[in-house]
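Here are some notes for a colleague opening this model for the first time.

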Amino acid sequence: MKSVSDMSSGAEIDEESDNKGSMWVLDQKLDQPMDEEAGRLSNMYREKKFSALLLLRLSFQSLGVVYGDLGTSPLYVFYNTFPQGVKDPEDVIGALSLIIYSLTLIPLLKYVFIVCRANDNGQGGTFALYSLLCRHAKIKTIPNQHRTDEELTTYSRSTFHEQSFAAKTKKWLERRPSRKNALLILVLVGTCMVIGDGILTPAISVLSAAGGIKVNHPDVSSKVVVVVAVVVLVGLFSMQHYGTDRVSWLFAPIVLLWFLLIGGIGLYNIWKYDKGVLRAFSPVYTYRYLKRGGKDGWTSLGGIMLCITGTEALFADLGHFPVLAVQIAFTIVVFPSLLLAYSGQAAYLMMNKDHVVDAFYRSIPDSIYWPVFIIATLAAIVASQATISATFSIIKQALALGCFPRVKVIHTSKNFLGQIYIPDINWILMILCIAVTAGFENQSQIGNAYAVVIVMLATTALMVLIMILVWHCHWLLVLLFAGLSLIVECTYFSAMLFKVDQGGWVPLVIAAAFLLIMYVWHYGTVKRYEFEMHSRVSMAWILGLGPSLGLVRVPGIGLVYTELASGVPRIFSHFITNLPAMHSVVVFVCVKYLPVYMVPEEERFLVKRIGPKNFHMFRCVARYGYKDLHKKDDDFERKLFDNLFLFVRLESMMEGCSDSDDYSIYGQQTEKSGDALLSKNGKATISDVDLTISSMDSTMPAKSTSSRPNSMTISSGQAGNRTEMDELEFLNRCRDAGVVHILGNTVVRASRESRFYKKIVVDYIYAFLRKICREHSAIFNIPHESLLNVGQIFYV
């Protein structure tokens, strides 16, 4: 069954072909998109079923990666809620009631049981939600996708009725580019706030943990505490290049011990000081607190909100563990321990109102003070590590989707692709984190700098679209979810507005700087792609050049890199116009990222022939997901040629079998359904492939799969086999003669009639980002002796 978008796109193509004329139709016939190259495999990536014992083990391991940030909040929540001290014990009960219901509504109900279910094949984070939406609606601002990409195994999406509310919402989003841009900006804002969280969380967690020194030694000055925190932070960021894989086995035991300690200490304080704090579980005290507190009570919500920080990191780090394991860990260990910890501190404060500054450490029994201090420091480091790792993952996703300048990404683990290290970002985070720690006087001012509620608002907006387009929920359920979420989050957001001048401006400035960088880079990427699309060369023009392309064909293979998946890029015409020779074999290579978390290896490469055989021109599209690893060695080039040779063999074999009764011939095209695998002895195994062979444009899936029991072995004809061997020998000779990588060095400039702000963005900001970012040759690990840059300039 075709979806609404498929039928509408077909109508648009027919209408467009009527308007463009016969030359456009000829060009489309000569250079068809890769419909037949994209095969579908059985879905091997469904959520696996785990045994009960394995789930418990994964739940234990998730404590060290997912819940570190959320678990260290008891170190500083009450101090940031009452920075001027506790005036009325009833205020402590009201604040505790707010903490209880905030933890219940946001982390427990919203994230653990609803948002985590909206993962993209197990991947979490703001960009994962955005990629999920991009597969259900045409909202991606870089239009480099084709319907063949929807045949990927990991490209899962649902269909809906044309008259449904989901279809109407989809059309509304797709109707105007401004709505697509607004949605992208919303995603970028949420991403930038998470990056800000990666700066502020290590600062406040480590500083709060180091503050325990001053409790037992009051004569120690605050500057000493800051120096200790800075030393710990420098050590933390300096060890990032080793990766979390080498020390992750320590994380889970540390965090589990931390939760058991704070839960046990909380239970002890409730029993020792005041059991009456348990009445805070009544929502009546939440209402009384907000009613009685006035403006001071309202602004104190900024401190209470710190109890739910780390919730977004919980979702961003979801890719390491199954959803059920995360839910078990939260409901059995994390949630009860946090409730006991906050209730115990509240019971202590009921009897010791003057100790609010360091309520956590003063509520610890003297006999276990130093062990708890050590565990608290280690837990703060683990929490910082989890937040930093989440920042690296989010930036890699933004990089893959064309929303961040090219930076060096190092995979620190051979077993887990999600464990990465980005040196440039690491040192930037370290410098900003140290500046925040040293620049603020105490942890209260850093607490005022939190604005993670903005990320939660962005997630709520994206979840509303997910519930409509992906889950097809009833509008009443969508309204209920949005209403409850917005009531809590908008309340906290309004409280944060009162603290902008007290340090709340810091995350806003950091987020604004990263937002400017990301949006300007994305704007330049879109304009560069549009330039290539509009200036691409017609295939009819290529055919007019003849087999030699009007040039001397020298031995070797030229790999022309382009962002286009169809058509001949302008860089090629620019090259052959200025140089008198071209390689005997030309391969247009398009590396593009799709809104999926990964592309299976057997579905990654699509190969097709451009023009007649004597032209020796091919196109290869390499597709990646935002979690895929683009290896730096020669593995990419080797796989590209393997798929190219396999394509030639399959094409020759199918020509030799074209007179079989199993094929239906329509004019110049021969169609057959089946999977094809060529064996080493020149024979092929055929079953269930969709192939199209034509005289001008031969298309075929370039993927190898294992042979099946019911497959049939067919020998190619002698003529086809001879042709195949001749071309394969020719390709091998050209490969031995040398491979040259041809890259376009495109310079973007603002046109003279552009407004001044556009000139600043394009000529200065974007140009500066292009200058400091990594070159494509470094990303593809192209040797300098094999690199050829072709310069061109265009105006926007």
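1. Start with Arg528 and Glu563. They form a salt bridge, with the closest N and O atoms 3.0 Å apart. Arg528 lies in helix H23 (residues 505-534), while Glu563 lies in the loop between strand S3 (552-562) and helix H25 (570-578), so the pair ties together parts that are 35 residues apart in sequence. Keep in mind that this is a predicted model.

2. How accessible are the two partners? Arg528 counts as buried, at 8% relative accessibility. Glu563 counts as partly exposed, at 23%.

3. The whole structure holds 13 salt bridges. One of them joins Glu489 to Lys110, and their closest N and O atoms are 2.3 Å apart. Glu489 belongs to helix H22 (residues 475-497) and Lys110 to helix H6 (residues 89-112), so this pair ties together parts that are 379 residues apart in sequence.

4. Is Glu489 buried or exposed? Glu489 is buried, at 1% relative accessibility. Lys110 is buried as well, with a relative accessible area of 2%.

5. Lys170 forms a salt bridge with Glu174, the closest N and O atoms being 2.9 Å apart. Both residues lie in helix H8 (residues 165-175). They are four residues apart, about one turn of the helix. Lys170 is buried, with a relative accessible area of 7%. Glu174 is partly exposed, at 21%.

6. Which residues are linked in a network of salt bridges? Glu601, Arg604 and Lys639 are.

7. Now the rings. There are 19 aromatic pairs in the structure. Phe360 and Tyr361 form one of them, which is edge-to-face: 5.3 Å centre to centre, with 75° between the planes. Both residues are buried.

8. Compare Phe756 and Tyr757. Their ring centres are 5.8 Å apart and their planes stand at 80°, so this pair is edge-to-face. Phe756 counts as exposed, at 62% relative accessibility. Tyr757 counts as partly exposed, at 49%.

9. Phe360 and Tyr361 also belong to a cluster linked by ring pairs. Trp258, Tyr369, Trp370 and Phe373 are in that cluster too.

10. Arg288 lies over the face of Tyr285, at 5.2 Å from the ring centre.

Note on methods. Residues are numbered from 1 along each chain as its sequence is written. This is a predicted model: local features need pLDDT of at least 70, side-chain atom pairs count only at pLDDT 80 or more; totals for chains, interfaces and linings use all residues. Side-chain values use heavy atoms; hydrogens and water are left out. Rings of Phe, Tyr and Trp (its six-membered ring) pair if their centres lie within 6.5 Å; planes under 30 degrees apart count as stacked, over 60 as edge-to-face and the rest as tilted. Buried means under 20% relative accessible area, exposed over 50%, partly exposed in between (1.4 Å probe, protein chains only). A charge sits over a ring if NZ of Lys or CZ of Arg is within 6 Å of the ring centre and within 35 degrees of the ring normal. A salt bridge is a side-chain nitrogen of Lys or Arg within 4 Å of a carboxyl oxygen of Asp or Glu. Helices (H or I, at least four residues) and strands (E, at least two) are DSSP runs, numbered from the N terminus.
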